Amino acid sequence: MSDHPPARRGRGRPPTLTGPRLQELLDHLADGLTIQQAATATGIARATVYNTRAHDPAAADAITTALAAGKAKRTAARHGTEGCYTRHGCRRPECTAAATAARTTRRTAGTDTVLPTPVTAAALPAPTGRTTLVLLDLHTTAPLAQAG
Ligand SMILES: [Zn+2]
């Protein structure tokens, strides 16, 4: 028989953030960092951020607000780029224009995707009576739609 209370899982209450450290975290989050990045920059564990959100309602609200501000900042910084158009499916005028301009630049420079020259029978070695092994690179073979 023992008088000891049941063993606790942890050593006391998990740490939460307050004061300047909380403010530093909020600044990083509002700047667009992820929770992991902001925690690392503040010098705390990511779990501390979650503990703070779980145990301190006022801090949780501030963190949520800072996260929203950070997301808005990241999104705003993204607009006007080709990646916003292609990767995020954004069709804002500035993103459509950026994608169009980038595509035009590539085509002018000749670096955009261009269909390869089809391999024709005339280009193949003439039959010699011997067994000829012809290797066709699939990437240089004309698409079926153009055969005919
Ligand atoms: Zn966009």
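Predicted model: local features only at pLDDT ≥ 70, side-chain atom pairs only at ≥ 80, totals over all residues.
Helices are DSSP runs of H or I with at least four residues, and they are numbered from the N terminus.

## Overall architecture

The protein contains 6 helices and 0 strands. Along the sequence, the elements follow the pattern α-α-α-α-α-α.

Of the 148 residues of the protein, 14% count as buried. Among the contacts with a separation of 6 or more, 38% are between residues 24 or more positions apart.

## The largest nonpolar core

The largest nonpolar core comprises 13 residues, and the members that touch the most others are L25, L26, L29, A38, I63 and A66. Two or more residues of this core are given by each of α1 (19-30), α2 (35-42) and α4 (57-78). Helix α1 supplies the largest share, 5 residues. In soluble globular proteins, nonpolar side chains tend to be buried together.

L26 is found in helix α1 and counts as buried, because 21 C-beta neighbours lie inside 10 Å. Apart from neighbours within four places in sequence, L26 is in contact with A62, I63 and A66. Although L26 and A66 are 40 residues apart in sequence, their C-alpha atoms are 5.7 Å apart in space. With the same exclusion of neighbours within four places in sequence, A66 is in contact with L26, L29 and A30.

Helix α4 has 22 residues, and the distance from its first C-alpha to its last is 32 Å, close to the 32 Å expected at 1.5 Å a residue. The buried residues of α4 are A62, I63, A66 and G70. Viewed down the axis of α4, these buried residues fall within an arc of 100°, so they line one face of the helix. The elements that cover them include α1 and α3 (46-55).

The face of α4 turned away from the buried side carries the exposed residues P57, D61, T64, A68, A72 and A76.

## Packing of α1 against α4

The axes of α1 and α4 are 7 Å apart, and the two helices pack at an angle of about 25°. Helices α1 and α4 are therefore roughly parallel to each other. On the α1 side, the residues that meet α4 are L22, L26, L29 and A30; their counterparts in α4 are A59, A62, I63, A66, L67, A69 and G70.

A59 lies in helix α4. It has 19 C-beta neighbours inside 10 Å and therefore counts as partly exposed, since a residue is buried if 20 or more other C-beta atoms lie within that distance. Not counting residues up to four places away in sequence, A59 touches L17, L22 and T52.

## Helix α2 and its crossing with α3

In α2, the residues A38, A39 and T42 are buried. They cover an arc of only 100° around the axis, which puts them on the same side of α2. The buried residues of α2 pack against α1 and α3.

The axes of α2 and α3 come within 8 Å and cross at roughly 105°. This angle makes α2 roughly perpendicular to α3. The residues that meet are I35, Q36 and A39 in α2 and R46, T48 and V49 in α3. Following α2 is G43, with a positive phi near 85°.

## A102 in helix α6

A102 lies in helix α6, which spans residues 93-109. With 16 other C-beta atoms within 10 Å, A102 is partly exposed. A102 and E82 are 20 residues apart along the chain, and their C-alpha atoms are separated by 6.9 Å.

Key. Residues numbered from 1 in each chain as written. Core = buried A, V, L, I, M, F, W, Y, C linked by C-beta atoms within 7 Å. Buried ≥ 20, exposed ≤ 12 C-beta atoms within 10 Å, placed from the backbone. Contact = placed C-beta atoms within 7 Å. Expected span 1.5 Å × (residues − 1). Arc of directions from axis to C-beta. Axes fitted to C-alpha atoms, helices over the stretch in contact; angles between N-to-C directions. Parallel < 35°, antiparallel > 145°, perpendicular 65-115°, else oblique.
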